[in-house]
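Please consult the sequence and coordinates alongside the text.

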Amino acid sequence: MSEPSIDLDAYFRRIGYTGPREPTLATLNGLILRHVQTIPFENLDVLLGRGISLDPAAIERKLIHERRGGYCFEQNGLFQLVLQALGFDVTPISARARWQRPRDFTPPRTHLFSRVEIDGASWLADVGVGGMSPSYALRLELDTEQPTPHEPRRLIKEGAIYYHQVRLGGEWQDICEFTLETMPMIDREVANWFTSTHPKSHFKSNILVARAGPDGGRVTLLDNRLILRDGRGQANIRLLTSKQELLAVLAEHFGVQLPADAQFHLPGAAWLL
C-alpha cells in the first residue's frame, strides 16, 4: 500500500470547507458537517462488481478526485488521514453497526470510526455510518443528550459495551456498539473483504446511498426508494422504476456520475434491467 498522505487543499475544495485548520473542536465539527453533507455514503462499487481498495491513494482518488462516495472504511479512512495531517490525535476504533437491528442480533464487527483527543477530552467522529452519520463530533460522555445540526445523539454503556444512539421523535435507537478497541489496518482489510464480497453482507443485496442535507434534513436512497427527509422528520418518498432514473437521481442528489451502461449486480431487482 502507498504511504498515507492527503492533498488537504483538494479535500477542502471537495467538501467546500473554508474554515480554520487548527486542531480544535470547532475545526473538527466544521469538517464533519461539510463532509457528511458533501461526500455521500454509498456501496455502488460493490454492486458494480468492482473491488473496494483501502489503499490511501485509492481512497483519495475515488472520494476526492473522482467525486464519488464510499462506505465506512473509505469515508472514515479518508477522514482520519485529513485529521492526522492537520495535527489531530486520532485513533481508529472498531464497532458493530446496529441501525435498525434488534439487540438479540449480533452484527459483524465491520464498522470503523475515529476517536479524537482535544484538550484532554475524547470525541468520537463518524462520517461513515450510512444515513445516520452524526454531523458533529460526540463527546465520550455517558447518558448526556448531545445536540448536532441534525438529530440529537447520546452514548450509553451496558456492561463493557458502549452504544451510540440517535433520538428520532421520542425514541432512542441504536446506531452502533463498540468497546473502544482499536482497529488496525489488518482488521480493516479483513472486515472490508467480508463487507464487499460475502454473500450475506447487506451491501451485496441492497443499494444504499445517503448524505446529510441542509437545515437538518437527509437524503437517502435505499434500493429504488428515494427518501427526502426534512429537519422536522417529514419524509417525501419517490419510487424509482428504471436504471435511467437511478442514474439521474445519483447525479442530481448525490453528485455521483456513472456511465449509462453501468451494470448493477443486484439479485431480484428487475427494475434495473
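In this predicted model, 17 salt bridges are counted, a salt bridge being a side-chain nitrogen of Lys or Arg within 4 Å of a carboxyl oxygen of Asp or Glu. Local features require pLDDT of at least 70 and side-chain atom pairs count only at pLDDT 80 or more, whereas totals for chains, interfaces and linings use all residues. Residues are numbered from 1 along each chain as its sequence is written, and side-chain values use heavy atoms, with hydrogens and water left out.

Three of these pairs are listed below.

| Pair | N to O distance |
|---|---|
| Arg68 and Glu42 | 2.8 Å |
| Glu158 and Arg103 | 2.9 Å |
| Arg232 and Asp230 | 3.1 Å |

Helices (H or I, at least four residues) and strands (E, at least two) are DSSP runs numbered from the N terminus. Both Arg68 and Glu42 are buried; buried means under 20% relative accessible area, exposed over 50% and partly exposed in between, with a 1.4 Å probe and protein chains only. A network of salt bridges links Glu42 and Arg68 with Asp45, Arg50, Lys62 and Glu74.

Glu158 lies in strand 6 and Arg103 in the loop between strand 2 and strand 3, so this pair connects parts 55 residues apart in sequence. Glu158 is partly exposed at 40% relative accessible area, as is Arg103 at 38%.

Strand 6 (153-158) is an edge strand, as is strand 5 (138-139), in an open, antiparallel sheet of seven strands ordered 5-4-3-2-8-7-6. Strands pair if DSSP finds at least two bridges between them; strand 2 (residues 89-97) and strand 3 (residues 111-118) are joined by seven. Ala95 stands opposite His111 in strand 3.

A second open sheet, of five strands, has the order 1-9-10-11-12 and antiparallel pairing. Strand 1 (41-42) and strand 12 (235-239) each have a single partner strand, so one side of each lacks a neighbour in the sheet.

Turning to helix 1 (residues 8-15), six of its eight residues are buried, so this helix is largely enclosed by the rest of the structure. The buried residues are Leu8, Ala10, Tyr11, Phe12, Arg14 and Ile15. Just after helix 1, Gly16 adopts a positive phi of about 70°.
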